[in-house]
Amino acid sequence: MNQLLAYLPTFAVNVGRLCVWLVLLSLVFVPLERWLAVRKAHLPRRALAINLGLYFLNSLLPAAILGALMSVVAVAAQALLPASVPAAVGALPLAVKLPLSLLIAEIGFYWGHRLSHQLPWLWHFHSVHHKPEHLYFLINTHAHPVDMIVTRLFGMTPLYVLGLAGASAGGSATPALVIIIGTVWGFFIHSNLRVRLGLLESIIATPAFHHWHHTSVTPLDRNFSSTLPFLDRVFGTWHLPAGWPVAYGLADTTQAERSL
């Protein structure tokens with residue numbers, strides 16, 4: 001009980017921080033999604049309440065669990081790897097470590113995401129994220145907590161193994177920046193914004209790119225990258241035509257029929 005009471009101030013601060021972020025996100029996306037909507041839709045109050053609940057749950061629970069898991073990964077990595085490897089990588093300047101960390105984490109996220117579509121036991125959790133038939137910014141956190149933990153494990157584990165993340169101040173800042181950048185960008189690519197960025201769409205993920213990931217009509221299982229779409233070109237899952245999907249949500253297929 002005393003430990004719980006001691007944690008309450010930290011919990012209150014985290015909830016307050018999430019409230020501030022929610023207000024800022026709403027101030028940006030709500031008017032933009034009214035003016036530049038891909039398609040207009042009335043969101044029932046119950047759906048909005050669920051999405052708000054998942055926003056808080058998935059912003060608090062996965063982070064708490066991942067913190068403990070990453071500590072175990074860091075200890076295991078120290079036992080398995082020569083000390084010179086993480087020492088050399090960890091000594092790199094931040095200007096090199098950050099983009100390198102973003103790239104390595106994105107490769108991990110890509111494969112964690114792709115496997116979540118291919119492996120039935122992972123799809124069981126990930127399918128929650130694909131149920132909504134209308135996309136807007138809060139769908140970014142409309143997910144099962146287990147799904148978010150698994151995907152982030154794929155992205156974060158290589159950083160701890162290679163020495164790009166660790167217990168030091170610099171080591172903890174790198175994965176934090178990766179998560180923050182990925183999360184903020186996630187709200188953008190799920191948004192209901194009819195915007196196209198031309199040549200930039202080959203460099204950074206956009207709403208058009210990610211909307212095709214959520215389509216319920218063929219081709220399915222495309223565009224797994226969260227920020228760097230060139231990975232989909234490399235691994236053969238790129239799909240970005242000029243138009244937009246006609247429908248979103250879970251496709252009427254079995255897992256065996258979902259092929260890459």
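Let's start with the nonpolar core. In this predicted model, the largest one has 23 residues. Which residues have the most contacts inside it? They are L25, F29, Y55, F137, L138 and F187.

Where do the core residues come from? Helices α1 (2–35), α2 (45–80), α7 (169–189) and α8 (207–211) each supply at least two. The largest share is from α1, with 4 residues.

Take F187. Leaving out residues up to four places away in sequence, F187 touches L25, F29, Y55, F137, L138, N140 and T141. There is also a second, separate core. That one has 13 residues, including V89, F109, Y160 and L164.

Now the aromatics. How many aromatic pairs does a search of the whole structure find? The count is 10. Look at one of them, Y110 with F224. The geometry is edge-to-face, with 5.9 Å centre to centre and 85 degrees between the planes. This pair links distant parts of the chain. Y110 sits in helix α4, F224 in the loop between α8 and α9 (230–235), and they are 114 residues apart. Buried or exposed? Y110 and F224 are both buried. Ring pairs also join Y110, W111, F224 and F235 into a cluster.

Last, helix packing. Helix α4 (residues 94–118) and helix α5 (residues 120–130) have axes that come within 6 Å. They cross at roughly 105 degrees, so α4 and α5 are roughly perpendicular to each other. On the α4 side, the contact uses H113, L115, S116, H117 and Q118. On the α5 side, the partners are P120, L122, W123, H126 and H130. By type, the contact residues are 4 nonpolar, 6 polar and no charged.

Notes: Residues are numbered from 1 along each chain as its sequence is written. This is a predicted model: local features need pLDDT of at least 70, side-chain atom pairs count only at pLDDT 80 or more; totals for chains, interfaces and linings use all residues. Side-chain values use heavy atoms; hydrogens and water are left out. Axes are lines fitted to C-alpha atoms, for helices over the stretch in contact, and angles run from 0 to 180 degrees between N-to-C directions. Angles under 35 degrees count as roughly parallel, over 145 as roughly antiparallel, 65 to 115 as roughly perpendicular and the rest as oblique. Contact means heavy atoms within 4.5 Å. Ala, Val, Leu, Ile, Met, Phe, Trp, Tyr, Cys and Pro count as nonpolar, Asp, Glu, Lys and Arg as charged, and the others, Gly among them, as polar. A nonpolar core is a set of buried Ala, Val, Leu, Ile, Met, Phe, Trp, Tyr and Cys residues joined through side-chain atoms within 4.5 Å. Buried means under 20% relative accessible area, exposed over 50%, partly exposed in between (1.4 Å probe, protein chains only). Rings of Phe, Tyr and Trp (its six-membered ring) pair if their centres lie within 6.5 Å; planes under 30 degrees apart count as stacked, over 60 as edge-to-face and the rest as tilted.
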